[in-house]
Amino acid sequence: LTIEIKAETGNVIALPGVHHNQFPKLLRALQAKLPDQHGFNIWLPGPAGTGKTTAAANAAKALGLEFHTNGKTYNDFDVLGHMHGKDYISKPFRKAFEHGGLYLADEIDGWSPDALLSLNSALANDFCTFPDGLVKRHKDFRFIGAANTFGMGATFEYVARFKPDAATMNRFIFVNWPLDEALEDAITTRKDWLAYVRGVRANAATYKI
């Protein structure tokens, strides 16, 4: 399978290999722009182990963007950075926001409310207030929040997930990332083991284990 995307320069970029069936949709969403020429902020919900992080990294590579990421985050200074004496200590989000790049907020539905709220202004506006001053949003800044839920709080599988407030969720469009069994078939050589795993998965869903 080869996916082709058209860059802003007009060049067609070919992406050979095996991809999740939602990967083309994710790329189109990342290429789309709002009237102010900023990109959309994407909430990428899907089960654990379905390749969301890998897809984000591959999308950045396909679009020619630097890839930056944080895992589960508890504090606003893990997002915005902090001052150490007179020196500003930068974080991955700042680098992508100021200089361009794709930033992945991994496990975003497990982030603390303080960390999430620190993103609100940056994701909705042309600027963000960091500890060392006001910074303008780069035209090539893109944001993906990878999650296991749709932002509605904990489920029977993902019991430690928070429900972000409406101001946060209003900043996002959703690109659903379900389990892709065709992708599993393509990358798995042990079909007997795959069948066993699928049986366990089905039972877990049926009995809400």
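Colleague: Let's start with K208: does K208 count as buried or exposed?

Modeller: Bear in mind that this is a predicted model. K208 sits in the segment after α8 (191-207). The cut-off for exposed is over 50% relative accessible area. K208 has 58% relative accessibility, so K208 counts as exposed.

Colleague: Where is E107, the one with a positive phi although it is not a glycine?

Modeller: Most residues other than glycine have a negative phi. E107 has a phi of about 55 degrees. With a relative accessible area of 31%, E107 is partly exposed. As for its place, E107 is in the loop between β7 (101-105) and α5 (113-124).

Colleague: On to the aromatics: what is the angle between the planes of F141 and F143?

Modeller: A search of the whole structure turns up 14 aromatic pairs. F141 and F143 form one of them, at 6.5 Å centre to centre. Both F141 and F143 are buried. Their pair is tilted, and the angle between the planes is 55 degrees.

Colleague: How many residues apart in sequence are the parts that the pair of F143 and F172 ties together?

Modeller: F143 and F172 make a tilted pair, with 5.8 Å centre to centre and 55 degrees between the planes. Both of these residues are buried. F143 lies in strand β10 (residues 141-147) and F172 in strand β11, so the pair ties together parts whose separation in sequence is 29 residues.

Colleague: Which residue has its charged end over the ring of F130?

Modeller: F130 belongs to a cluster linked by ring pairs, whose members include W43, F93, F97 and Y103. The charged end over the ring of F130 is 4.6 Å from its centre, and it belongs to R94.

Colleague: Last one: what is the area of the nonpolar surface patch made by F150, M152 and F174?

Modeller: F174 is found in strand β11 (residues 172-174). Patch residues need over 30% relative accessible area. F174 has 38%, so F174 is partly exposed. Together, F150, M152 and F174 make a nonpolar surface patch of about 340 Å².

Note on methods. Residues are numbered from 1 along each chain as its sequence is written. This is a predicted model: local features need pLDDT of at least 70, side-chain atom pairs count only at pLDDT 80 or more; totals for chains, interfaces and linings use all residues. Side-chain values use heavy atoms; hydrogens and water are left out. Patches are made of residues with over 30% relative accessible area and no salt bridge: like charges are joined within 9 Å, nonpolar side chains (Val, Leu, Ile, Met, Phe, Trp, Tyr) within 5 Å. Accessible areas come from the Shrake-Rupley method with a 1.4 Å probe; for residues, only the protein chains shown count as cover. A salt bridge is a side-chain nitrogen of Lys or Arg within 4 Å of a carboxyl oxygen of Asp or Glu. Helices (H or I, at least four residues) and strands (E, at least two) are DSSP runs, numbered from the N terminus. Buried means under 20% relative accessible area, exposed over 50%, partly exposed in between (1.4 Å probe, protein chains only). Rings of Phe, Tyr and Trp (its six-membered ring) pair if their centres lie within 6.5 Å; planes under 30 degrees apart count as stacked, over 60 as edge-to-face and the rest as tilted. A charge sits over a ring if NZ of Lys or CZ of Arg is within 6 Å of the ring centre and within 35 degrees of the ring normal.
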